[in-house]
Amino acid sequence: MSFGFLAAVIAVWIAFLAVWFVVSRMFRSADADRMRKRILERPDRKGAKEKGAAKSPKLLMTEEGQGGRIMARLLERLRLQGWLESMIEQAGLKWRPRRVLHAAQILFVVFFLTVRVFLAPQYLIVQLAAGVAGASLPFLKVLRTRAKRMRKFEEQFPESLEFVARSMRAGHAFSVSLEMLHREFSEPLSGEFRRTFDEHNLGLPLDQALLKLAKRVPMLDVHFFVSAVLLQKRTGGNLAEILDKLAYVIRERFKLRGKIRAISAHGRMTGTALTLIPVVVALLMFYVNPQYVSFFIEDETGNIMVGVAVALQLIGYAVIQKIVAIEV
């Protein structure tokens, strides 16, 4: 009976996702048709000058204009719009913030119903925890992709500085050296510097283009690079030599960071082990002695005890990670 119910739930959710996909495509196509109609019916400049009241149509669709008003308002109220957009941009993904929230909602319901099929209704806390874990997957995907992309950029950055220094010694301008990075290096470094060059080439001052690069890539090394270039532009000096020394300092920081990570590895492993031991013991007790564990789920006092224990475990894990996370 449980497998039949599970199959029914999966079938219902597949049908729901299919309908949601088709309806969203219909809305997008309808919005595109309306926009094309507005552009075709746009009065010419001469007619607009004669009438004096004609307004140019809004050509760029915003998040709110595409049927995501509720999600846009929710993101604005929670003050997550800017943060989520920044994280997605730094991760190099082509997602939209409201799509991430949609995926989180769907995964919450799917994980909640899936766990509810196998567990009794009184295990509501476990079902809600499973739903929250499923809802966090899109955000974890964004953060993990961002961390991986930033790490790869950091590995390529010292070599790119030396390349710019050699290019400037060969007689190329600084802006041209940035454009050459696009052909000589791979993503993500090539894309970021290509974007910086395009912004400067299209009229944006070099100072502003470099500051936008530092905002897109929030790394200490990039801030050092931008500060060195701006300072050299104002005061003068040998920029190629400055970049060589900066690349040397960054590589020395990498070596020191590796030594510190090797020394603090024992502390990180201890923190992970101390955090996972209570979780493993609780899972074993579910199978060995379920009646003993049911007190923490069915009783209100047990729920409070579990909540306090989980909070203390998370605080302890955060404190240990803060201790062993030594910035260089």
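The largest pocket has a volume of about 1400 Å³. This is a predicted model, where local features need pLDDT of at least 70, side-chain atom pairs count only at pLDDT 80 or more, and totals for chains, interfaces and linings use all residues. Residues are numbered from 1 along each chain as its sequence is written, and side-chain values use heavy atoms, with hydrogens and water left out.

A quick word on terms: a pocket is an open set of points on a 1 Å grid over the protein atoms alone, where a 1.4 Å probe fits, with protein on both sides within 12 Å along at least five of seven lines; lining residues have an atom within 4 Å of a point. A volume is the space filled by probe spheres set on the points.

Back to that largest pocket: its lining has 32 residues, and Val-279, Ala-282, Phe-286, Val-306 and Val-310 lie nearest the centre. Helix 13 supplies the largest share, 10 residues. Helices here are DSSP runs (H or I, at least four residues), numbered from the N terminus. By class the lining splits into 27 nonpolar, 5 polar and no charged residues, with Asp, Glu, Lys and Arg counting as charged, Ala, Val, Leu, Ile, Met, Phe, Trp, Tyr, Cys and Pro as nonpolar, and the others as polar.

The second largest pocket holds about 1100 Å³ of space. Its 23 lining residues include Arg-151, Glu-154, Arg-257, Arg-261 and Glu-327, which lie nearest its centre. Helix 7 gives the most, with 6 residues, and the class count is 11 nonpolar, 2 polar and 10 charged.

Now for the salt bridges (a side-chain nitrogen of Lys or Arg within 4 Å of a carboxyl oxygen of Asp or Glu). The count comes to 16. Here are some of them:

| Pair | N to O distance |
|---|---|
| Glu-154 and Arg-257 | 2.9 Å |
| Arg-169 and Asp-244 | 2.4 Å |
| Arg-253 and Asp-221 | 2.4 Å |

Glu-154 is in helix 7 and Arg-257 in helix 12, so their bridge ties together parts 103 residues apart in sequence. Glu-154 is buried at 15% relative accessible area, while Arg-257 is partly exposed at 26%. The cut-offs are under 20% for buried, over 50% for exposed, and partly exposed in between (1.4 Å probe, protein chains only). Arg-169 counts as exposed at 51%, and Asp-244 as partly exposed at 24%. Arg-253 and Asp-221 are both buried.

There's also a salt-bridge network linking Glu-89, Arg-149, Glu-192, Arg-195, Glu-199, Lys-212 and Arg-216.

Notes:
Helices (H or I, at least four residues) and strands (E, at least two) are DSSP runs, numbered from the N terminus.
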